[in-house]
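Open the model in your viewer and switch to a cartoon view. Keep the sequence panel at hand for making selections.

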Amino acid sequence: MNFASFPSSCDIFCNVIDNYGDIGVSWRLARQLANEFGLNVRLWVDDLGSFAKLCSEVDRKLAKQFCRGVEVCRWDAEFSDVQPAELVIDAFGCALPEVYLLAMTVSSSPPAWINLEYLSAEDWVAGCHRLPSPHPRLPLTRYFFFPGFTARTGGLLLEHDLLSRRDAFMADFSCQTAFWRSIGMNSPYAGTWIVSMFAYENGALEFLFDLWVKGEQSVLCLVPEGRILPQVGRYFGDVNPEPGNEYVRGSLRVRVLPFVDQERYDELLWACDLNFVRGEDSCVRAQWAGKPFVWQIYPQHDAVHQQKLQAFLDIYNASLDAGVAQSMQQFWHAWNSESVSADLVAASWDAFIDQCGELEIHAQTWARDLSANNLALNLLDFSNEIGTMRAFKIEGQ
């Protein structure tokens, strides 16, 4: 691979909106561009507090610092005058500082400006991927870049060694033992059903816990610190749930984990039999884990998110047996429903869990097939295309 043809520098701007989703994706991309492709990367972040949850090395008091090969810069309201990078990425449509935009217009070599959009499986994404969007006032053009699940989109973030590290972890009992010790636990007993639960507030949670409490199967549920924690506490009568707490009722054992960094979260997904995930970043990581998973999509007004959820299910389930696909779809919709009953959760869970063997085989095949479409590499290739298009335009004038 000829890295010399890629831009040498990149500025990524991230406006933290949903605590961890936006910065999670931006941080992964920044590290991959810096460490795998050799770019000088500055990551501009307006909320270092949320960022520090993902990377414990970050000092929220510093305006500039280097972490894992990336220059992390605090994005203050009073933005300093800096030289723009060759590649400029605004994550999820955040508005770039005016002073930075003006600097882009007078740069001797105008940067390739890309808006990294939110992930969606909807049909319209392929038609909008890579489209130009001229700035209304300035002689600048921004290009839309959509992550996605087909070859007609930008693909997904995937480190070059992630799948090999996953397979090595799964094959090495000592690695798994070390993981459990790192989160303050012993390895679970054989036969325990291990579940990770990273979710938004959810009306189905109590009903699902009831099923696990009364079931014959021993269930260990690992809950990383997050928005669902108060709901977990209420279920067990704990007004102050916090990391390290453990609750046992019937066949269910729940352990609250501190918010883990990104590398440790991957290991958590690998160590579990089933993963409940939320938003964008954890959903993608669950797919790379090659395990059955349940996605809670970010809720939006007018139930727009339900259409996005179904669009993903249509793609993900396309090669599944109809009965298996139906079982998965019914439970996912129950988990994402604003109005759900105990009977619906019970019926859809029973059908879903019966198909987990088939779903694990499918998950492994899906991850392997999806790995051919690498977002970081596609993004860099497209930045080169932007430069080529600009050069032809200048020559034709």
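One caution before the start: the model is predicted.

**Stop 1: the eight-stranded sheet**

Colour the strands β3, β4, β2, β1, β5, β6, β8 and β7; in that order they form an open sheet with mixed pairing. Its edge strands are β3 (64-67) and β7, and each pairs on one side only. From one strand to the next, the twist averages 25°.

Show Q65, then find its bridge partner in β4, which is V72.

**Stop 2: strand β1**

Now select residues 9-14, which make up strand β1. How many of its six residues are buried? Six of the six are, and the strand is mostly covered.

Strand β2 (residues 40-45) runs parallel to β1, joined by six bridges. Find C10 and look across to V41 in β2, which stands opposite. Strand β5 (residues 87-91) also pairs with β1 in the parallel sense, over four bridges. There, I12 stands opposite I89.

**Stop 3: a buried leucine in a loop**

Select L140. Its loop runs between β7 (132-134) and β8 (141-145). Is L140 buried or exposed? L140 has a relative accessible area of 7%, and the cut-off for buried is under 20%, so it counts as buried.

Show what surrounds the side chain. Beyond its neighbours up to four places away in sequence, L140 touches L101, M104, T105, W113, S133, P134 and H135. Also try a distance from L140 to L102: the C-alpha atoms are 9.6 Å apart, although 38 residues separate the two in sequence.

**Stop 4: the six-stranded sheet**

Move to the other sheet on this tour. Six strands in the order β11-β12-β10-β9-β13-β14 form an open sheet, again with mixed pairing. At the edges stand β11 (246-249) and β14 (293-296); each has a single partner strand, so one side of each lacks a neighbour in the sheet. Neighbouring strands are turned by 15° against each other on average, direction ignored.

β11 and β12 (residues 252-257) run antiparallel and are joined by four bridges. Pick E246; its bridge partner in β12 is R255.

**Stop 5**

Keep α13 and select α12 (residues 322-335). Their axes come within 8 Å and cross at roughly 145°. The crossing is left-handed. On the α12 side, the contact is made by S327, M328, Q330, F331, W332 and A334; on the α13 side, by L344, S348, W349, A351 and F352. By class, these residues are eight nonpolar, three polar and no charged.

Next, select α11 (residues 304-316) and α14 (residues 356-370). They pack at about 90°, with axes 12 Å apart. The two helices are therefore roughly perpendicular to each other. F312, I315 and Y316 of α11 meet H362, A363 and W366 of α14. Five of the contact residues are nonpolar, one is polar and none is charged.

The angle is about 60° and the axes are 10 Å apart. That makes α5 oblique to α10. L162, L163 and R166 of α5 make the contact with R285, W288 and A289 of α10. This contact has four nonpolar, no polar and two charged residues.

**Last stop: A199**

Finish in the loop between β9 and α7 (205-214), where A199 lies. A199 is buried, with a relative accessible area of 2%. Which residues does A199 contact, leaving aside neighbours within four places in sequence? Show R227, I228, R278, Q296 and W335.

Terms used
Residues numbered from 1 in each chain as written. Predicted model: local features only at pLDDT ≥ 70, side-chain atom pairs only at ≥ 80, totals over all residues. Heavy atoms only, no water. Axes fitted to C-alpha atoms, helices over the stretch in contact; angles between N-to-C directions. Parallel < 35°, antiparallel > 145°, perpendicular 65-115°, else oblique. Contact = heavy atoms within 4.5 Å. Nonpolar A, V, L, I, M, F, W, Y, C, P; charged D, E, K, R; others polar. Buried < 20%, exposed > 50% of the residue type's maximum accessible area, 1.4 Å probe, protein only. Pairing = 2+ DSSP bridges. Left-handed = near helix turned anticlockwise from the far one by under 90°.
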